[in-house]
Amino acid sequence: MCKPKVYIDGKEGTTGLQIYDRLTDRDDIELLLIDEEKRKDTEERKKLINRADIVFLCLPDAAAVQAVELADSPDTRIIDASTAHRTAPGWAYGLPELSQGHRKLVEVSKRVANPGCHATGFITAVYPLTAMGIIPSGYPLTAFSLTGYSGGGKKMIAEYESPGKPELYGTPRVYGLNLKHKHLPEMQKICELDSPPVFCPVVDDYYKGMAVTVMLQNGMLNGKVTAEEIHAALSAHYAGQKMIKVHPFGYDGMIAAGTMAGFDSLELIVNGHDDQTIITALFDNLGKGASGAAVQNMNLMLGFEEIRGLNLKQPD
């Protein structure tokens, strides 16, 4: 039996390199590599795209749209890691833990959009609660997200790792102040919200790892549920999932945003009381927030074990 052929278009970027690292030692696929001097040659890229069974697009949005147009073969299936197709018709949203329907679409689709990193944390916390009717579609959601600087790509990595970086780079920096972050459309659409959340991202002086936090006023939720009941609802939703786990209720320590660095799984921590709830999604922005999720989606699309080639955090 022939091994599936896999091509990474944009292997030189942060996400592409991380996908390559997860695939390079696998013996169940054939990894197609472009000659270094031809990596920007459209015809050579087109040739490899159409030879491949699975193509990862690790490109800027406009380049990802152009790359999709190069795919003439009906057998070529695409996983796009850019923002370009996350809310586009005909594209499956690559977060299979959300429902059996989401999982099936990933398995059978020719086109899969890999979720954004901030969006992954927000949606894993919120989607089950909107789907169950606990969070009303009109609820005024707010969220903040702490992330390592690798999420900003090569330019930001170079800035943070420069010996001459500004002193204030050593402190957390709030950004996205126009409240129009590029992950907001998928947050709103996937969670079926009437309006996007008020979302505040924060980058800090460490390489990778994320903590995305959503805060809720329980009295404004349907049923006026408690924090413990919200925990129970999320635990039931993600029961049996291999890539997403929910901590036992009642954790009251500090949460370090880099806790899941180096792992491809995600953990949810729920805390609070009768009147208020806080939900934090902990994961690696390069793992479940990008490359790990992309490889998980590839595994599902090819009928492989979902977690093959991935590094999951073992229970404490």
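## About the model

The model is predicted, so local features need pLDDT of at least 70 and side-chain atom pairs count only at pLDDT 80 or more, while totals for chains, interfaces and linings use all residues. Residues are numbered from 1 along each chain as its sequence is written, and side-chain values use heavy atoms, with hydrogens and water left out.

## The parallel sheet

Let's start with the open sheet of 6 strands, whose order is β2-β1-β3-β4-β6-β5 and whose pairing is parallel. Two strands pair if DSSP finds at least two bridges between them. At the edges are β2 (30–32) and β5 (92–93), each pairing on one side only.

Inside this sheet, β4 and strand β6 (residues 111–113) run parallel and are joined by 3 bridges. If you want a spot to look at, find Ile78, which stands opposite Arg111 in β6.

## The mixed sheet

The other open sheet has 7 strands in the order β8-β9-β7-β10-β13-β12-β11, and its pairing is mixed. Its edges are β8 (173–174) and β11 (244–246); each has a single partner strand, so one side of each is left without a neighbour in the sheet. As background, strands of a sheet pair through backbone hydrogen bonds, either parallel or antiparallel.

Both senses can be seen around β7. Strand β7 (residues 142–148) runs antiparallel to strand β10 (residues 210–217), with 6 bridges between them, and Thr147 has Met210 as its bridge partner in β10. With strand β9 (residues 198–204), β7 pairs in the parallel sense over 7 bridges; here Ser145 is partnered by Pro201. Strand β9 also pairs with β8, in the antiparallel sense and over 2 bridges, and Val203 in β9 is the bridge partner of Arg173.

## Helix α2 on the sheet

Helix α2 lies across β1 (5–9), β2 and β3 (54–57), running at about 145 degrees to β1. That angle is taken between N-to-C directions on a scale from 0 to 180 degrees, using axes fitted to C-alpha atoms, for helices over the stretch in contact.

Leu48 belongs to this helix, which spans residues 42–51. Leu48 is buried, with a relative accessible area of 4%; buried means under 20%, exposed over 50%, and partly exposed in between, using a 1.4 Å probe and protein chains only. Beyond its neighbours within four places in sequence, Leu48 is in contact with Tyr7, Leu32, Leu33 and Ile34, where contact means heavy atoms within 4.5 Å. Its C-alpha atom is 9.5 Å from that of Ala71, a residue 23 places away along the chain.

## A buried aspartate without a salt bridge

Asp80 sits in strand β4 (residues 77–80). Asp80 is buried yet has no salt bridge, and the nearest side chain of opposite charge, Arg86, is 7.0 Å away. For charge, Lys and Arg count as positive and Asp and Glu as negative, with His and the chain ends not counted. A salt bridge needs a side-chain nitrogen of Lys or Arg within 4 Å of a carboxyl oxygen of Asp or Glu.

What Asp80 does have is a side-chain polar contact with the side chain of His85, at 2.7 Å. A polar contact is a pair of N or O atoms within 3.5 Å; within protein, one must be able to donate a hydrogen and the other to accept it, and residues adjacent in sequence count only if both atoms are side-chain atoms. Leaving aside neighbours within four places in sequence, the contacts of Asp80 include Leu57, Trp91 and Asn114.

## Salt bridges across the chain

The structure holds 15 salt bridges. One joins the side chains of Asp9 and Arg45 (2.7 Å, N to O), linking strand β1 to helix α2 across 36 residues. Asp9 counts as buried at 2% relative accessibility, and Arg45 also counts as buried, at 12%.

Another pairs Arg22 with Asp264, their closest N and O atoms being 2.8 Å apart. Arg22 is in helix α1 (residues 14–23) and Asp264 in the loop between β11 and β12 (266–272), 242 residues apart; both residues are buried. Glu267 and Lys313 meet at 3.9 Å, N to O, in a salt bridge. Glu267 lies in strand β12 and Lys313 in the segment after α9 (287–302), so the pair ties together parts 46 residues apart in sequence. Finally, salt bridges that share partners join Glu12, Glu36 and Arg39 into one network.

Methods:
Helix = DSSP H or I, 4+ residues; strand = E, 2+ residues; numbered from the N terminus.
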